[in-house]
Amino acid sequence: MDLSSINPVLLIASLMVSATPILLAALGELVVEKSGVLNLGVEGMMITGAICGFAIGVNTGSPVLGFMFSALCGALLSLAFGILTQYLLSNQVATGLGLTLVGLGLSSLIGKPYEGIKSPTLQKMELPLLSDIPIFGKMFFSHDPMVYFSVALVAAVWAVLKFSRAGLILRAVGESHDAAHALGYKVVRIRMLAILFGGACAGLAGAYISLVRVPQWTEGMTAGAGWIALAIVVFASWKPWRILIGAYLFGGVTVLQLNLQAAGAKVPIEVLSMSPYLITITVLVIISARGNHGAPAALGKIFHASR
Amino acid sequence: MKRRTLLASAAAVALAFSGTAMAEDKTKVGFVFVGPVGDGGWTYEHNKGRLAVEAEFGDKVETVFQESVPEGADAERVMAQMALSGADLIFTTSFGYMDPTINVAKKFPDVKFEHATGYKQADNVSVYSARFYEGRAVQGHIAGKMTKTNKVGYIASFPIPEVIRGINSAYIHAKRVNPDVEFSIVWAYTWFDPAKEADAAQALIEQGADVILQHTDSTAPQAAAEAAGNVVTFGQASDMAEFGPFPRVSSIIDDWAPYYIARTQAVMDGTWESTSTWDGIGAGMVAIGEISDAVPADVKDEALALVAALRDGSYHAFTGPINKQDGSAWLAEGETADDGTLAGMSFYVEGITGDIPN
């Protein structure tokens, strides 16, 4: 085996690309869960975002418009989830699972005419000065704009949750909706906004797969990334920066296993293929074993002002 | 219970009718596809064959197809459904449908089945495949000549004889023109998963491969190579001309139309028999897509000469001396491989590193 053929600079650069969809989706779900809502429909919103973004990208020739539309579609789908769970008080777990099934079916319906078509893709954005730094420039600063956007979004979510009044209110709603309600905050409205944000992020995540990473449309192309995103939220103990770590770790192991195969590592390929999932589960178990890991107290609980 | 009797009687009725269906005007032909018809590769070409059958026979034939059918229990259900709805002839177009095809064929003795790339035959199951390895020989030759890093990446799907034959054939012919060439093989364990194929291509490119051969069906590796800028690829199963003239410099094209038309005709005439067909460049089942101008003229001429020799049978893609990976002798000087060994090929030839996963 020739490990020297694995170039760490390129490895890190490609793990950032491979992790971006999970990062975006997990970040959206973090905000949703911080408001006390569990939306298991991430996969469905992602794949719908993937096809909507792809369709608009192909028809207008503009990937940026594609991304914007994918966020809109993801948000629309999550709106259905929001109305069902927040106004009609349906069970969040069942509704979320249903949303995934709807999204998968809807996307393959919309996607039929788009199979086998090439789409416009985002160009790499070289940042002046930063991209010229040796090693680090190539590693961190020679990506497409969505990679920078996803990292910036992590910082923004972190700052808003930690320092702003809006973040405080969101967390209050997620910890105790009754107390927040008693203080006069509109619990349902705040949660709806969080759900819409989560949907938009999932839509962007899907479009990143269909417009940048592949770039092509195929049925079921998100291939379970939405579920990984859900696991990453728990993995991260509901902390934005840890989402970044979790997503990059998962993306890193995924990319690394392909690189190890290409380098001819003497490890059974079946083991390499399952390694990203194994490592995610292992870390989840370790974190859970530590006890209190910061789940919002009202997560998944139904709120109604009369109760 | 009621529903079960209903199903059983429906099955009985369908069975009774499928025997007489030949006497009717319309012959119904079913196709089971492993990917979407728009994959731009393997399934796309099978679907072109289906459309050719429709064009050839017009009103006398009705075709039905089901795409993205998983290889497993689902496939059996799809085939049984087709047989129940009156299909006279069913083409199952992926290696993984082998056992399901045999199982379903047992239940419907009057329906004819045709399984692609497999080796299990029955009274009403024919097998057919193309000698893709002849095309791989041409690819290997061009790859060996064109690689500057001497590293060729190979995205393999499943460790089955068809795929292993392709790797061996490509390697032998690359090595012949470039003794320093090395193959990096990544097993994707899928026929069609664009995200995974793209990642695999990316990993190979990052490790210095400047030629990518693929035995998976989507165009995602082509897109990855195009983005990298200096990587050569070949169209797989279909021409993939939209990525030419570079990175795609040539391709293997599967042409199933003549076979599908001939077999449908045989069913119509009542002359259908269980056969085993394995045709290559000579019979036209395998075609080499146009070699683009990105290939140097002398390499292109050599490649075309190789194609011509394979076509007229003066050269066999597996001609000795060839040793197996462990160094033991396989083919002596001038000896050519027999079809039995090729059909069940489960070893690498000498020089390829790594193990074939089980």
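**View 1. Helix H3 of chain A, checked by its span.** At 1.5 Å a residue, the 25 residues of H3 in chain A (residues 63–87) should span 36 Å, and the end C-alpha atoms are 35 Å apart, so the two values agree. This is a predicted model, so please read every view here with that in mind. Just after H3(A) comes A:Leu89, which takes a positive phi of about 55 degrees.

**View 2. The side of chain B that touches chain A.** Here 30 residues of chain B are in contact with 30 residues of chain A. Which elements of chain B give two or more residues to this side? They are strand S7 (182–187), helix H7 (194–206) and helix H8 (220–228). H7(B) provides the largest share, nine residues. Sorted by class, this side of chain B has 13 nonpolar, 12 polar and five charged residues.

**View 3. B:Pro221 and its surroundings.** Now look at helix H8 of chain B, where B:Pro221 lies. Is B:Pro221 buried or exposed? B:Pro221 counts as buried because it has 31 C-beta neighbours inside 10 Å, and the cut-off for buried is 20 or more. Leaving aside residues up to four places away in sequence, B:Pro221 touches B:Glu197, B:Ala198 and B:Ala201, along with B:Ile155, B:Ile212, B:Gln214 and B:Thr233.

**View 4. From B:Pro221 to B:Phe158.** These two residues are 63 residues apart along the chain, and their C-alpha atoms are separated by 17 Å.

Key: Residues are numbered from 1 along each chain as its sequence is written. Chains are lettered from A and ligands numbered from 1 in the order in which they are written. This is a predicted model: local features need pLDDT of at least 70, side-chain atom pairs count only at pLDDT 80 or more; totals for chains, interfaces and linings use all residues. Two residues are in contact if their C-beta atoms, placed from the backbone, lie within 7 Å. Helices (H or I, at least four residues) and strands (E, at least two) are DSSP runs, numbered from the N terminus. Ala, Val, Leu, Ile, Met, Phe, Trp, Tyr, Cys and Pro count as nonpolar, Asp, Glu, Lys and Arg as charged, and the others, Gly among them, as polar. A residue is buried if 20 or more other C-beta atoms lie within 10 Å of its own, exposed if 12 or fewer, and partly exposed in between; C-beta atoms are placed from the backbone. The expected span of a helix is 1.5 Å times one less than its number of residues.
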